[in-house]
Amino acid sequence: MPIRVKSRPQGVQRTESLRTPSPRHKFGFVAELPDISEEDSFRDVVKKLSVYIADTVVLPSTFEQLRTTAAGDGLRALVDHLGRTCTHPAIVNALLALKWHYGTSVEDKGLMDARANACEIVAWRFLTHLSEREAVDYCLYEIPDPKDVESHSPTDEEEGEVDEHSALLAQALHSSVGSSRRTPHSASTKRNLLLSSISRLTMSMTGDDEGGEGEEEDPTANFTNLNALEIAAIADAKRFLSQAVVQKIITGIWEGSIIFWKDLSVHSEKKPQFYNPSTADPFSRLRVPKYLKSFEVLFFLTFLGLYYGVLVERDPTRITPLEIFLYIWFAAFALDELSEWIDAGSIFYATDIWNVFDMAMIAIGATFVGLRIVGLETHNEEMVNLSFNVLALEALFMVPRVFSILSLSPYWGTLIPCLKEMGKDFIKFMVLVVVIYCGFLTTFSLLGREHLSLHDMVMSLTKIFFGSSFVGFDLIPKMDTLLGPPLMIIFITLSSILLTGSLTGMLSNSFSRVITHAREEYLYVYSVYVLEASTSNRLTHFYPPFNLLAVLIFRPLRLFLPSDNKFRAARILLLKATHLPIVAVIEFYEWLTIGSSKGTQYSGFRGPRQAVIGSPHPAAAKRFAQARLSNNSLRADNNNHLSQLRPPAITAISEGAIAGRRAQQQAVDEAVEGRAFGQHEGDVEARIADLTAKIDRLTELVLTLQTQSSTTLGNVGVA
């Protein structure tokens with residue numbers, strides 16, 4: 001069969017836009033690897049990395065293409081280079097800041113998304129080149145403020161608003177110079193500040209920063225006091241946060257193995273460190289997210305009991321003592337939510353769906369109190385009854401909020417992001433339904449205006465949408481005999497078949513689409529919650545309802561007393577006096593669950609051990625750097641030696657022997673650090689002996705295979 005080919009006239013030019021090219025990269029071009037020294041500032045690190053990423057990722061690519069295909073060769077080279085040479089503590093912070101910048105760019109979305117994915121891939125692959133404790137150092141390193149020459153002293157809730165904000169946003173979203181009292185920015189202003197910061201840096205990445213405005217205003221100043229995990233939360237780096245080593249760090253923060261406040265004193269400083277029960281202040285356990293969540297559940301159970309008590313009592317003539325306690329709980333809850341919103345910022349506060357429930361509870365509670373007081377003052381019985389009806393709505397949000405602890409379970413926490421995304425798609429689809437229904441409602445109301453009111457027609461069409469198709473057939477005799485029947489049949493068919501079927505299929509596709517990434521969504525929400533609960537810069541955090549006591553005592557005193565160390569010491573004293581029973585319960589629980597293993601606070605993380613995270617011991621850091629270089633050299637020499645051997649089994653076994661040597665070296669290093677910290681060596685010595693025996697057996701097997709291969713090659717040569 002002949003094939004007919006359409007020819008395009010030579011003089012006609014194509015007017016449509018060119019298709020986005022496929023992700024083929026210029027393999028002949030090799031970008032220059034960035035030379036990052038430990039003395040470089042954060043802005044210099046971001047600038048060098050942005051130059052390399054821009055030169056390497058030049059075409060749109062998906063995350064999987066960058067991770068598994070030749071499109072990511074430049075990223076692998078960068079990871080290897082950083083693993084061998086880079087010791088800058090802010091390298092992960094810089095990569096995640098660039099990820100956020102590229103991910104929020106609106107120009108050439110495909111290319112910018114590819115670069116954002118590239119930064120995220122490099123960030124988590126770089127962590128795989130480190131030991132677990134080194135990964136903790138990099139992930140919890142906070143970007144210092146170069147202009148801050150004064151020491152960082154602890155701040156109190158009553159002492160300046162900005163100092164009380166969590167490091168998630170507010171600490172990074174105000175000017176680092178000026179007066180001690182700074183004004184926090186709104187959510188949109190915060191996001192714009194961060195975006196403009198990196199944008200100004202990347203736009204000038206080929207220029208010279210010396211002198212001029214570059215020295216007057218640092219584009220990265222808004223990122224100071226943020227650690228890598230907080231930047232990852234800002235950047236929506238969900239794949240990074242879902243990595244095993246990152247989740248191990250976040251779990252350590254959740255369980256209290258990693259703390260940010262060692263003690264509660266006037267001169268305490270916030271710094272991430274491993275918890276040591278023999279030296280840490282017991283009151284520092286009040287900041288552990290696990291205990292914060294547990295007390296939150298207890299608070300809501302008490303709240304729910306007071307709520308049911310007031311509804312059962314329902315005194316329309318006066319405010320009862322039980323109702324007064326309910327008002328106190330309402331006020332303490334609202335104050336705690338306000339503090340959390342200020343700490344985290346509205347961007348992260350809205351990330352947790354349960355915070356939406358909290359806002360609804362506060363709004364309903366405020367409405368109830370207002371209607372109740374006005375009704376009692378005016379002796380309006382109708383308004384009093386309305387206030388209790390409004391309070392009845394509180395159960396719609398309070399009962400699910402009590403059981404919000406289930407969202408921390410992987411099973412229930414995986415379903416919540418799916419329901420959230422399905423709800424968004426449902427709302428979008430209902431816009432189309434409302435538009436169509438408005439048209440039919442107008443038509444049917446006019447066709448049946450003699451027999452049906454507007455209210456009756458609205459209810460009838462709503463019943464038809466929810467499956468009661470027979471209602472539409474009952475309405476046909478009451479409308480125009482010529483136009484009514486065909487229009488009603490069209491509407492019933494449209495509602496029962498087309499719209500309902502389309503909605504069901506769309507929600508099914510939404511669930512299937514989201515469930516594949518639901519684990520990442522769950523871990524992201526979980527990570528944000530842990531960071532919000534643990535990284536606040538306030539020294540004294542009062543549990544509700546004790547937060548009301550702190551406000552009533554110290555807020556009036558601020559008007560005429562200076563905010564000095566004595567003022568801060570008084571807040572600490574009040575905290576210890578009111579929270580002593582809670583601390584006693586926490587200590588008893590840890591004594592029961594941890595017991596004799598309380599001294600092994602470093603056992604969960606492998607690598608060099610240091611008490612303060614982010615400031616590793618110089619000798620340990622040097623030894624591990626030399627170990628990495630020696631391992632790389634050993635790997636290269638071994639590959640060159642085995643490249644002449646054909647049997648693949650030899651290569652696999654040799655690589656296993658090298659891995660065994662690396663594990664042995666790491667075990668030796670842990671033993672040395674364990675002696676320095678006074679830890680027991682029995683387990684480590686047994687591990688070293690076991691690894692040594694395995695390496696000896698692998699070496700003998702390699703030599704045997706090498707001898708057999710040489711004999712085989714000799715016989716072939718003779719033949």
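Tutor: Happy to! Let's begin with Ile 91, which touches Ile 36, Val 45, Leu 49, Leu 82, Cys 86, Phe 126 and Tyr 138, leaving aside residues up to four places away in sequence; contact here means heavy atoms within 4.5 Å. The model is predicted, so local features need pLDDT of at least 70 and side-chain atom pairs count only at pLDDT 80 or more, while totals for chains, interfaces and linings use all residues. Residues are numbered from 1 along each chain as its sequence is written, and side-chain values use heavy atoms, with hydrogens and water left out.

Ile 91 is also among the residues with the most contacts inside the largest nonpolar core, which has 97 residues. Such a core is a set of buried (under 20% relative accessible area, 1.4 Å probe, protein chains only) Ala, Val, Leu, Ile, Met, Phe, Trp, Tyr and Cys residues joined through side-chain atoms within 4.5 Å. Its largest share, 12 residues, comes from helix α5 (residues 109-128). Another core, of 22 residues, lies apart from it and includes Val 433 and Leu 461.

Now for a helix pair: α1 (residues 42-56) and α3 (residues 73-85) pack at about 155°, with their axes 10 Å apart. Axes are lines fitted to C-alpha atoms over the stretch in contact, and angles run from 0 to 180 degrees between N-to-C directions. The two helices are therefore roughly antiparallel, a term for angles over 145 degrees. Tyr 52, Ile 53 and Thr 56 of α1 meet Gly 74, Leu 75, Ala 77 and Leu 78 of α3.

Methods:
Helices (H or I, at least four residues) and strands (E, at least two) are DSSP runs, numbered from the N terminus. Angles under 35 degrees count as roughly parallel, over 145 as roughly antiparallel, 65 to 115 as roughly perpendicular and the rest as oblique. Buried means under 20% relative accessible area, exposed over 50%, partly exposed in between (1.4 Å probe, protein chains only).
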